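Here is a short briefing for a first look at this chain. Please keep the sequence and the model side by side while reading.

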Amino acid sequence: MSEFIDAILSPINFAFTVLLGCFLFYWAIVMIGAVDMDAFDVDLDIDTDVDGGAGSGGLPDTMLGVFKFLNVGEVPLMILLSVFVLMMWALGVLSHMLIGVWSVGVQLLALIPMTIVALLLTKVLTQPVRRIFARLDQDASAGSVAVLGQRCHVISVTADHRHGQAQIETGAAPIKINVKTPADGVILRRGDEAVVVTDRDDKGVYIIRGF
């Protein structure tokens, strides 16, 4: 037990211990209904130019690919951050208990491989959650009106032949749908207008074409 206490109070792990405590408190008040799950969530506004370069306030395609890989925009940010902090905390504590006392300099260097491993674990652990939220969004919005033939605009960072999200304005609450483009290499960017050209498939995804 003393080894565990030493591990969570080591200089680097202590920061993640505090962060983990904050996230546990957040999820506790969410569970009792004191706040909504998205009360402290952030809508990441990430845009790029149509030519694929970094635009005004945008990010390169490589960075966008990293965000997509990590399920940013498809899983609530607070869930992603909670899992990432938990993974960093667990890796730090386990490393300290297995290897022993590290100098602060070595711990700082160890943050690089720990971060990479924690991000990969976050991706794996949130993948089922991504599917759940995609299905919930689909069932909550697209089932109420006819979507085929409707105009929409892309709200995900990009929409390609694999995945994306779009929104249909209805005059009331907008409808969010999961979309992809035809398998012709066309990539639509956030804000691009499109039209829904096929009904949703068995995975709840519509095909859209840009104007």
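Which residues does M88 touch, not counting residues up to four places away in sequence? They are F16, L111, M114, T115 and A118. The model is predicted.

**Overall layout**

- The secondary structure of the chain comes to 5 helices and 7 strands.
- Along the sequence, the elements follow the pattern α-α-α-α-α-β-β-β-β-β-β-β.
- The chain has 211 residues, and 37% of them count as buried.
- Take the contacts between residues at least 6 apart in sequence: 62% of these join residues at least 24 apart.

**Helix α2 against helix α4**

- Helix α2 covers residues 11–31, and helix α4 covers residues 77–99.
- Their axes come within 9 Å and cross at roughly 140°.
- The crossing of α2 and α4 is left-handed.
- On the α2 side, the contact is made by N13, F16, T17, L19, L20, F23, Y26 and W27.
- On the α4 side, the residues are M78, I79, L81, S82, V85, L86, M88, W89, G92, V93 and H96.
- By class, this contact of α2 with α4 has 14 nonpolar residues, 5 polar residues and no charged ones.

**The nonpolar cores**

- The largest nonpolar core has 25 residues.
- Within this core, M88 and W89 touch the most other members.
- The elements that give two or more residues to this core are α1 (2–8), α2, α4 and α5 (104–141).
- Helix α4 supplies the largest share of this core, with 10 residues.
- Another core lies apart from it and has 14 residues, including V147, V154, A159 and A194.

**T122 in helix α5**

- T122 lies in helix α5.
- T122 counts as buried because its relative accessible area is 4%, and the cut-off is under 20%.
- Leaving aside neighbours within four places in sequence, T122 is in contact with L80, V83, F84 and M87.

**The loop between α3 and α4**

- N71 is found in the loop between α3 (61–69) and α4.
- Most residues other than glycine have a negative phi.
- Phi of N71 is near 70°, a positive value in a residue other than glycine.
- N71 is buried, at 1% relative accessibility.
- P76 lies in the loop between α3 and α4.
- P76 is buried, with a relative accessible area of 15%.
- P76 and V129 are 53 residues apart in sequence, and their C-alpha atoms are 9.4 Å apart in space.

**The salt bridge**

- Side chains of opposite charge can pair when their charged atoms come close.
- The chain has 1 salt bridge by the rule used here.
- The side chains of R162 and D160 form this bridge, at 3.3 Å from N to O.
- Are R162 and D160 buried or exposed? R162 counts as exposed, because its relative accessibility is 55%. D160 counts as buried, because its relative accessible area is 4%.

**T158 in strand β2**

- T158 sits in strand β2, which spans residues 158–159.
- T158 counts as buried because its relative accessibility is 6%.
- Which residues is T158 in contact with, leaving aside its neighbours within four places in sequence? They are K68, H163, G164, I187, L188 and R189.

**K180 in strand β4**

- K180 lies in strand β4, residues 175–180.
- K180 counts as partly exposed, at 23% relative accessibility.
- K180 and A166 are 14 residues apart along the chain, and their C-alpha atoms are separated by 9.2 Å.

How values were computed:
Residues are numbered from 1 along each chain as its sequence is written. This is a predicted model: local features need pLDDT of at least 70, side-chain atom pairs count only at pLDDT 80 or more; totals for chains, interfaces and linings use all residues. Side-chain values use heavy atoms; hydrogens and water are left out. Helices (H or I, at least four residues) and strands (E, at least two) are DSSP runs, numbered from the N terminus. Buried means under 20% relative accessible area, exposed over 50%, partly exposed in between (1.4 Å probe, protein chains only). Contact means heavy atoms within 4.5 Å. Axes are lines fitted to C-alpha atoms, for helices over the stretch in contact, and angles run from 0 to 180 degrees between N-to-C directions. A crossing is left-handed if the near helix is turned anticlockwise from the far one by less than a right angle, and right-handed if clockwise. Ala, Val, Leu, Ile, Met, Phe, Trp, Tyr, Cys and Pro count as nonpolar, Asp, Glu, Lys and Arg as charged, and the others, Gly among them, as polar. A nonpolar core is a set of buried Ala, Val, Leu, Ile, Met, Phe, Trp, Tyr and Cys residues joined through side-chain atoms within 4.5 Å. A salt bridge is a side-chain nitrogen of Lys or Arg within 4 Å of a carboxyl oxygen of Asp or Glu.
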